[in-house]
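Hi everyone, thanks for making time.

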Amino acid sequence: MVLRLNSSVSAILFLLSLTAMAGILGGGGRASAFVPHTSSHSRIISPNILVTPSSPCVSSQSLNRFVYSVQEQATSTALFKKRSSTSKKGAGEKPKAKGFASALRDLQQNSFPYAGSIRPGKQSPQKLVIDESIMKPDYAEDGIPKARQGLLPWIIEVKTPEEIVKMKAAGRVAREVLDIAGRAVRAGITTDEIDNIVHEETLKRGAYPSPLNYHGFPKSCCTSVNEVICHGIPDDRKLEEGDIINLDITCYLNGYHGDCSEMFVVGEADEKAKILLQTTYDCWVKAMEFVEPGKDYKDIGGIIEDHITERGFTTVRNFCGHGIGSTFHTNPNIYHYRNNEPNGKMAPGHTFTIEPMICEGSAQCLHWPDNWTATTMDGKRTAQFEHTLLITKEGVEALTGKIETSPIQFWEKESEVHKGIWLGTTPEARARAAELNAKAMA
């Protein structure tokens with residue numbers, strides 16, 4: 001799940017903007033997760049919305065429109081419960097709009113100038129995790145992350161050996177859930193049904209679906225179809241033949257997050273879609289191959305941008321990869337375009353994501369009234385891949401890498417950067433990948 005950002009700024013402005021955000025939001029560090037950068041020409045209107053003079057954002061009043069009343073339902077696991085009447089508004093409960101407010105909300109949605117063919121559908125009630133044996137992140141109840149992002153962008157947490165063990169376990173769960181969700185992709189299934197699968201499979205593994213109620217996000221995963229760049233909200237829209245979809249899965253296990261995403265095709269992809277998917281995958285792998293101790297994080301972006309621009313594609317600048325661990329989003333910020341930001345040097349023990357969003361046409365973003373869904377401005381398609389990565393003394397490893405039961409996609413088989421499944425650059429990762437590829441590509 002990506003971070004949202006604006007134009008690049010200096011470290012001083014970065015520090016000042018965080019201070020300003022803390023004052024606007026009343027503490028708690030809420031803004032840092034989705035607005036890592038601001039500028040003197042920007043203003044914050046909600047924790048994940050940044051408006052600039054040139055921004056295509058549609059303004060909104062708060063994230064409360066995302067928080068849904070929860071109805072009790074019977075399933076194989078305890079997934080739902082009603083909030084008590086004493087619970088605070090905005091903490092999993094969405095007041096029903098009445099009269100003028102309801103009409104205004106409908107008017108905004110119906111009159112919004114959507115760019116492509118995708119439209120928001122009907123959402124089912126927000127789920128709650130009530131199993132006491134499952135450790136929950138600090139925002140699970142009220143939607144507000146309590147941990148603050150580091151004030152200086154080059155200060156990056158180094159994980160201990162014990163933390164790395166937990167990160168690997170969380171990454172494994174995220175991979176298993178992503179693979180299961182990917183197998184469910186077919187014409188006729190709704191993205192809400194996929195979300196139900198993700199939710200239940202996450203709980204079966206003793207984990208919490210990290211996106212659920214993160215700043216009020218209403219679902220357990222992100223499902224981004226065709227022109228949707230990221231943060232697509234699962235609903236009752238059925239997938240159609242030829243759709244391309246990104247499934248973004250993050251699982252919180254024993255206090256640590258594992259974050260990954262992958263593209264899937266509904267049926268057969270057209271030739272242009274195949275080129276987009278191949279280019280996105282190859283630039284992503286090329287960027288991950290670059291990672292090793294001592295290199296600058298800022299240089300990742302240039303590798304991605306150089307690869308895709310010479311093939312006629314563009315890279316999104318509004319969102320970035322991020323550090324991850326016990327906190328969902330933290331330092332370093334990983335920009336997927338050429339930049340000179342002082343985001344630190346790579347070192348063993350760092351865990352972070354690389355997740356480029358590559359577009360067929362314009363990389364400018366159109367933000368829907370729901371405050372989450374971002375699409376391309378011109379309605380053309382976009383693609384994304386993501387791993388949680390760990391830097392070691394010997395290179396880098398994908399903590400959310402594919403496993404024995406993972407499917408292999410055409411872009412892995414046909415990649416000119418790395419044929420077959422990519423698991424990292426360490427000797428152990430290379431050996432493990434060679435073993436998997438020998439079976440998968442036989």
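Let's start with strands β5 (residues 222–225) and β7, which run antiparallel and are joined by four bridges. For the terms: strands are DSSP runs of E with at least two residues, helices are runs of H or I with at least four, both numbered from the N terminus, and two strands pair if DSSP finds at least two bridges between them. Before going on, this is a predicted model, where local features need pLDDT of at least 70, side-chain atom pairs count only at pLDDT 80 or more, and totals for chains, interfaces and linings use all residues. Residues are numbered from 1 along each chain as its sequence is written, and side-chain values use heavy atoms, leaving out hydrogens and water.

Within β7, Thr 223 has Leu 247 as its bridge partner, and Leu 247 is also partnered with Glu 262 in β8. Strand β8 (residues 256–265) is antiparallel to β7, with ten bridges joining them. In their hairpin, two residues sit between the strands, and Asn 254 takes a positive phi near 50°. Strand β4 (residues 208–209) also pairs with β7 in the antiparallel sense, over two bridges; there, Pro 209 partners Cys 251.

How many of the residues of β7 are buried? Ten of ten, where buried means under 20% relative accessible area, exposed over 50%, and partly exposed in between (1.4 Å probe, protein chains only). Both faces are covered, with Asn 246 and Asp 248 among the buried residues on one side and Cys 251 among those on the other.

Finally, Leu 152 lies in the loop between α2 (99–111) and α3 (161–183), and is partly exposed at 32% relative accessible area. Thanks, all!
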